[in-house]
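Hi there,

Here is the structure I promised to pass on to you. Have a look at it first, and then read on for what turned up in it.

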Amino acid sequence: MNGRLRVPGDKSISHRSIMFAALAEGETTISGFLEGADALATLAAFRRMGVEISGPEAGRVRVRGVGLRGLGAPDGALDMGNSGTSMRLLAGLLAGQSFETTLVGDASLTRRPMRRVSEPLSLMGARIHASAEGTAPLRIEPCGGLRGIDYGMPVASAQVKSSLLLAGLFAEGETCVSEPAPTRDHTERMLTAFGYSVRRHANRVCVTGGGRLSACQLNIPADISSAAFFLVGASIAPGSDLLLEGVGINPTRVGVINILRAMGADIELIDRRLAGGEPVADLRVRHAQLRGIEIPHDQVPLAIDEFPALFIAAACAEGETLLTGAEELRVKESDRIQVMADGLAQLGIEAEPLADGIRIRGGQIGAAGPGGPIDSHGDHRIAMSFAIAALRSQRPIEIRDCANVNTSFPGFAMLAAEAGLGIEERGA
Ligand code: S3P
């Protein structure tokens with residue numbers, strides 16, 4: 001893979017930019033917004049709650065904030081599509097409103113666990129009704145006032161942390177969340193950018209309800225989770241020398257760089273700078289012979305979305321790669337452990353799924369195995385990971401059910417083709 005390119009804006013930051021801009025006083029301008037289905041679901045939800053939003057146009061969005069108490073009742077259920085971040089964060093934000101809302105999602109989102117947010121939110125006084133299995137649809141009733149809690153999260157989840165902090169804006173007193181391991185801190189950074197006080201001591205972060213957010217200008221960096229496909233692609237494809245521009249390198253997101261480097265990858269961070277409270281850099285990545293490693297547990301939350309791509313790197317590495325402590329991968333947009341293990345096996349790569357991870361032995365992709373099309377199970381990151389695997393495959397790889405690539409990375413196929421991947425979209 002060669003050349004110079006910029007992947008689309010960060011998904012996590014794009015969601016939050018709309019939420020905080022909507023709750024702020026004044027007009028916020030956003031650039032670099034991700035025009036993918038997930039972030040657009042968040043944007044549409046706020047429009048339906050009466051927020052005036054113009055754009056997105058080439059990544060530019062203007063949001064006229066309504067203040068902390070200015071949202072209005074939507075005229076029906078809010079559709080979060082495939083987006084877990086939209087549903088979990090909005091559950092917190094909506095728990096403190098004086099009107100009822102219902103959050104629905106697609107088949108994948110409707111299978112994903114929601115008790116991790118509905119239970120702690122109930123401790124704050126929220127009235128959230130889920131299915132008997134603790135899944136969407138979520139009906140959120142007005143509760144007459146939330147109260148702050150001090151919550152120790154059982155899982156290291158930025159979505160849970162953010163959901164509670166968002167509810168905390170509407171709660172009486174202080175809401176504190178402790179995390180068992182560091183998770184992405186975009187919510188904390190963005191609250192600060194909007195002038196809202198956030199206090200962090202070690203692994204505990206606190207907000208006090210009833211403050212004000214002031215509109216600001218946000219510049220969203222390129223998404224390291226999207227860059228990950230190119231970091232892996234250029235690492236495994238001989239002759240590669242690729243520059244990825246303006247990628248977010250928030251320390252809570254750089255697990256993919258740390259893990260790839262530990263495997264022997266050649267990744268250089270150039271021109272480190274700050275953009276809208278987030279660190280960014282240009283990433284230069286060149287082909288390197290990778291070797292299998294045991295992935296350190298402290299890197300797991302920092303690379304949680306990048307494992308499908310990292311498994312492709314492991315398939316091309318010398319020796320064995322072992323991941324454990326990553327049971328969360330089983331409840332993402334698909335069961336990413338099983339779906340990746342199945343796909344790799346089809347391509348003749350030895351991959352043993354474990355309850356909380358996977359063991360992968362590097363080999364020649366597509367030299368053995370039964371072949372046949374890979375089923376992405378509608379999971380955007382699975383589809384893009386197997387697309388990148390084709391850079392080192394002995395035979396063409398066909399991937400089914402790829403429409404959801406659009407949830408996080410519109411234009412992936414075109415950008416990947418520009419960088420040198422032979423890729424063709426069918427039935428698009
Ligand atoms: C996200 C947090 C992560 C991540 C997801 C986005 C966020 O989920 O997998 O894609 O924006 O807060 P968890 O918090 O469930 O690990």
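A polar contact here is a pair of N or O atoms within 3.5 Å. Please keep in mind that this is a predicted model.

With that cut-off in hand, let's go to the ligand. An N or O atom in the side chain of Lys-332 is 2.7 Å from one of the ligand's oxygen atoms, so the pair falls within the 3.5 Å limit for a polar contact. Two other side chains belong in this part of the picture. Arg-16 places a side-chain N or O atom 2.6 Å from a ligand oxygen, and for Ser-157 the distance from a polar side-chain atom to an oxygen of the ligand is 2.8 Å. How much of the ligand's accessible area does the protein cover? On its own the ligand has 390 Å² of accessible area, and the protein covers 94% of that.

As for the site, the ligand sits in the second largest pocket. Two elements give two or more residues each to the shell around it: helix 1 (11–23) and helix 6 (158–168). The residues surrounding the ligand include Ser-12, Thr-85, Ala-158, Gln-159, Arg-184, Ile-304 and Asp-305, along with Arg-16, Ser-157 and Lys-332. Sorted by class, the shell has four charged, four polar and two nonpolar residues.

Why does the ligand lie between domain 1 and domain 2? Residues of the shell come from both domain 1 (9–219) and domain 2 (224–419), so the ligand lies between the two.

A few backbone details may also interest you:

- Gly-55 and Pro-56 are joined by a cis peptide bond, with omega at about 0 degrees. Pro-56 belongs to strand 3 (residues 52–57).
- Ala-136 and Pro-137 are also linked by a cis peptide bond, again with omega about 0 degrees. Pro-137 is in the loop that runs between strand 7 (127–129) and strand 8 (138–141).
- Asp-271, in strand 17 (residues 266–275), has a positive phi near 55 degrees although it is a residue other than glycine.

Conventions
Residues are numbered from 1 along each chain as its sequence is written. This is a predicted model: local features need pLDDT of at least 70, side-chain atom pairs count only at pLDDT 80 or more; totals for chains, interfaces and linings use all residues. Side-chain values use heavy atoms; hydrogens and water are left out. A residue is near a molecule or strand if one of its heavy atoms lies within 4 Å of it. A polar contact is a pair of N or O atoms within 3.5 Å; within protein, one must be able to donate a hydrogen and the other to accept it, and residues adjacent in sequence count only if both atoms are side-chain atoms. Accessible areas come from the Shrake-Rupley method with a 1.4 Å probe; for residues, only the protein chains shown count as cover. On a 1 Å grid over the protein atoms alone, a cavity is a set of points where a 1.4 Å probe fits but cannot get out, and a pocket is an open set with protein on both sides within 12 Å along at least five of seven lines; lining residues have an atom within 4 Å of a point. A molecule sits in a cavity or pocket if more than half of its atoms lie within 2 Å of its grid points. Helices (H or I, at least four residues) and strands (E, at least two) are DSSP runs, numbered from the N terminus. Ala, Val, Leu, Ile, Met, Phe, Trp, Tyr, Cys and Pro count as nonpolar, Asp, Glu, Lys and Arg as charged, and the others, Gly among them, as polar. Domain bounds come from an automatic or database domain assignment.
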